Amino acid sequence: MLSFLTATKVPARSQLHAMGVCASEAQSEAKSKATNGSWPDGVDLSGLDLSEADLAVLQGRGFEATVGQVEIISGTERPRAVVGLGPANKISLGDVRKAGAALARAAKRMQKVSVAITDAVPEHIGRNEALAALVEGIVLGAYSYGDFKSTPKPNELASVCVVGAGGKAVKHALDTGRRVAEAVCFARDLVNEPGGSLTPAKFAQVAVQVAEREGLEATVLDLKAIRKAKMGGLLGVNRGSEQPARFVELTYSPESGADCRGSVALVGKGLTFDSGGLSIKTGTGMMTMKCDMSGGAAVLGVMSAVAAVAPPVKVTGYIPMTDNMLGGDATRPGDVLTMASGKTVEVLNTDAEGRLVLADALERACLAEPDAIVDLATLTGACMVALGPKVAGLMGNNEAWITQLADAAERTGERVWHLPLPEDYKAQLDSPVADMKNIGGPHGGAITAGLFLSNFVDEQIPWAHLDIAGPAFTDTEDGEIPKGGTGFGVRMLLDALINFHPPTAQVG
Ligand SMILES: [Zn+2]
């Protein structure tokens, strides 16, 4: 685990000292009148401890201070790194996070590193916010998943010293950044674990361990209890599997006397593997389907850090857990399930199973009458068609709540886009034999999935749905995001909880 400390000077034991560098506000202008102390390509290195020879090295390597560009200069008593932050007038917290991640990768064989990266960040970005983003970037960039390697090569970076002013606020920024990023890494670990290893029973066990460590209330429903709760959606999906389902509920309550602005329910789809069931997926389509519990992983990730971050709100996480397999008694297309709410669903496609387990979880969340609900699910390929691999679909029944979540996403560098839930599209879910069917027409599948879920939400409760099918898993490394599980949603949800205000009762 990475530790962060502060010092006023570069510590003697630091093996690398990293300095942040911005490109100038108008690179082209600077290029034409480059003079002493100004980098010929418009990069301002004047304030840094670099010799003429160092500058020549950087120039030779074409250092332009683009976001995440890292150059290590050795030859003196201690290697130094310059870390690009991009143009000073455009810099964002996301850029600082990316720069931190790039540094963590470049320095992965060094145990002790010191940084003075946020010194270069212009004042319009708060220093402590920048520090938290830097720490997040370093932890997220240092992440690797080696649980199934016979000789794992983890990132060796163990301690990072932030050089500059210390104090309580700085320590808080470092702690928060670290806890949030560790929660993201924990979610990534869960997503990256194969479906045959992270069974529903094990997933539930991990959740209980988190609850014990963090002082949360935990309830685990086993198959018998799930039957008793009449969760027909979860049971219907679990029917073709040898692995019994679980339903996990974890609750965080602010300390008595602390500010408490209400309660939020987080619901995460926990499909530990999705073969599609009898409506079976293609071989290629199944390769990444261990990631179908990413929503549940994000919820558990949030719960793993919520006590440390201590938002002013009661938080309950609900995670229905099962895999979707093809055993001899698997749910058949055409079967009708009776959900926990009593509503009936004709299952025409057994691969549209996420909404079935979420329906029961949403019903249960509503019974507790929270001030707001948000669910996260790798729900539809249609959402990826609409928004591509990096943006989540955001929809719901309450504009104020949707705005709070979109703002949290914006602040934390996770991308969402608001999709509509047009009431008249609901007719696509009409079934001749049951209250509804589990699939809509050929187009707008992300929306009809959202509309399906809305049938199981009390319309007086502000509710939002995040379709994270795109950003939950990736096969390309990008900034602070590694290949595999991304931990998408953890950062924005923790931020939304910290800044939570009960949304107005307005619905629509
Ligand atoms: Zn599916």
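In which order do the 3 strands of the open sheet with S12 stand? The order is S12-S13-S17, with mixed pairing. The model is predicted: local features need pLDDT of at least 70 and side-chain atom pairs count only at pLDDT 80 or more, while totals for chains, interfaces and linings use all residues. Residues are numbered from 1 along each chain as its sequence is written.

**View 1. The open sheet S12-S13-S17.** Strands are DSSP runs (E, at least two residues), numbered from the N terminus, and two strands pair if DSSP finds at least two bridges between them. Strands S12 (336–338) and S17 (436–437) each have a single partner strand, so one side of each lacks a neighbour in the sheet. S12 runs antiparallel to S13 (residues 344–346), joined by 3 bridges; Thr338 has Thr344 of S13 as its bridge partner.

**View 2. The open sheet S1-S6-S5-S2-S4-S3.** Its 6 strands show mixed pairing, and S1 (3–7) and S3 (70–73) form the edges, each pairing on one side only. On average, neighbouring strands are turned by 25° against each other, direction ignored (axes are lines fitted to C-alpha atoms; angles run from 0 to 180 degrees between N-to-C directions).

**View 3. Strand S4 and its partners S2 and S3.** Of the 8 residues of S4 (residues 80–87), 7 are buried, so the strand is largely enclosed by the rest of the structure (buried: 20 or more other C-beta atoms within 10 Å of the residue's own, with C-beta atoms placed from the backbone). S2 pairs with S4 in the parallel sense over 6 bridges, Gly20 being partnered by Val83. S3 and S4 are antiparallel, with 4 bridges; there Ile72 is partnered by Ala81.

Definitions and conventions: A residue is buried if 20 or more other C-beta atoms lie within 10 Å of its own, exposed if 12 or fewer, and partly exposed in between; C-beta atoms are placed from the backbone.
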